[in-house]
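Q: Could you walk me through a few local features of this one? I'd like to start with strand pairing and then move to a helix contact.

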Amino acid sequence: MVNQDILCGWNEEHSKALGNDNLFVQHRMMESGLFSDENLIRILDRHPVADMTVSTMGRDKMNYEWFECNRNGATGEQLLDVVKRGHLWINVMRLMDHHSDLRKLINDAYDELESRCPGLEATHRTANLLISSPSAIVYYHVDTPLNILWHLRGEKKCWVYPLRSPFVSQSDLEDLHAGQRPEDMHYLAEFDDEAEVYEMVGGDMVTWAQNTPHRVENTSGLNISISTEHLTTHARRQINVHLANRMLRKKLGCKNLSSSPDGFLANAKVAGSRAARLISRFLPTKAEEKFKYPVRYQVNVEAEGGISSLEGVEASSATLESVERATQELAGVLASGTSDASDASDTSEKTLSQRDAASTSV
Ligand SMILES: [Fe+2]
């Protein structure tokens with residue numbers, strides 16, 4: 001485990017930026033020794049199959065294409081081999097539930113952040129291990145909770161965009177929090193002109209304000225990162241305000257709504273959102289179903305790229321529309337069990353569950 005502080009060169013400016021602005025600093029997670037090839041293979045072999053996805057994607061940032069691949073019985077060693085030479089992205093989800101050494105590392109990192117940032121209470125902590133090919137990309141998207149990318153091995157480039165229109169619209173954020181649209185947002189190439197760009201190597205950490213749009217392209221080598229997510233009181237208020245605004249917009253036709261989680265109006269929205277959640281508890285609910293991306297490929301260690309098309313399924317590209325259709329199915333399930341303005345904690349759990357299954361976020 002790491003013998004010193006996990007965060008390097010942390011100062012007061014970093015504390016102010018955390019959760020409120022873009023923040024790029026260094027960390028020592030690699031010194032834990034938990035991310036060698038040998039240990040990655042051990043993790044891949046031990047981790048529950050249900051909590052891991054193997055995906056492939058397109059190569060054009062403008063054209064959303066994301067497919068799941070059947071693991072096809074591949075061992076951890078074989079998976080690591082195909083991800084090194086293919087165009088793949090493995091998401092090892094719920095690390096903290098299944099690996100005590102990684103749970104300790106993540107909790108140590110969060111505890112240190114809390115000790116360095118007065119007033120910070122990082123709740124609902126989760127962590128995913130991302131193992132991705134040298135050419136893998138993650139498309140332009142927004143995450144619902146606060147998240148931090150702890151980069152460990154390889155090189156990647158991360159674009160972080162302004163949190164405002166036209167980069168992301170208020171109504172899209174409201175729909176995202178209500179489970180009514182996917183995390184992937186409308187992207188234009190010219191957005192890059194106003195992005196902050198971080199070229200990351202092992203030992204770099206980047207984070208941003210809640211709901212900030214971002215995308216990633218790997219640039220060299222096998223990429224290993226940990227993506228952690230958490231909530232704070234402020235983040236929960238923000239989710240409730242988005243949900244209340246959506247209700248006010250859809251049901252009462254209100255316009256020009258503030259999305260600020262602070263102030264008297266925000267207090268009323270949070271209270272209204274929670275009240276709606278309480279009422280919804282008396283309504284009948286349906287069992288939740290997991291979102292799934294189309295499974296078009298299977299791992300094939302004999303194939304050049306490490307995967308092959310599933311028999312009888314044309315290996316054509318999925319379009320954004322097809323992904324959105326699948327997400328809307330999930331949204332229908334979620335909406336059937338809750339009101340538009342459900343409690344923030346419940347919504348976050350659902351969104352995290354959707355995200356974990358969708359596996360497109362960093
Ligand atoms: Fe993300």
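A: Two strands are taken to pair if DSSP finds at least two bridges between them, and please keep in mind that this is a predicted model.

Q: Is β3 itself mostly covered or open?
A: Strand β3, residues 52-57, is mostly covered, with six of its six residues buried. Met52, Val54 and Thr56 point one way from the strand while Thr53, Ser55 and Met57 point the other way, and all of them are buried.

Q: Switching to helices: at what angle do α6 and α7 cross?
A: The axes of α6 (residues 170-177) and α7 (residues 233-252) cross at roughly 110° and come within 8 Å. Angles of 65 to 115 degrees count as roughly perpendicular, and α6 and α7 are therefore described as roughly perpendicular to each other.

Q: Which residues meet there?
A: From α6, Ser171, Leu173, Glu174, Asp175 and His177 meet Ile239, His242, Leu243, Asn245, Arg246 and Arg249 of α7.

Q: How do the residues of that contact divide by type?
A: The residues of the contact of α6 with α7 divide into three nonpolar, four polar and four charged.

Conventions: Residues numbered from 1 in each chain as written. Predicted model: local features only at pLDDT ≥ 70, side-chain atom pairs only at ≥ 80, totals over all residues. Buried ≥ 20, exposed ≤ 12 C-beta atoms within 10 Å, placed from the backbone. Helix = DSSP H or I, 4+ residues; strand = E, 2+ residues; numbered from the N terminus. Axes fitted to C-alpha atoms, helices over the stretch in contact; angles between N-to-C directions. Parallel < 35°, antiparallel > 145°, perpendicular 65-115°, else oblique. Contact = placed C-beta atoms within 7 Å. Nonpolar A, V, L, I, M, F, W, Y, C, P; charged D, E, K, R; others polar.
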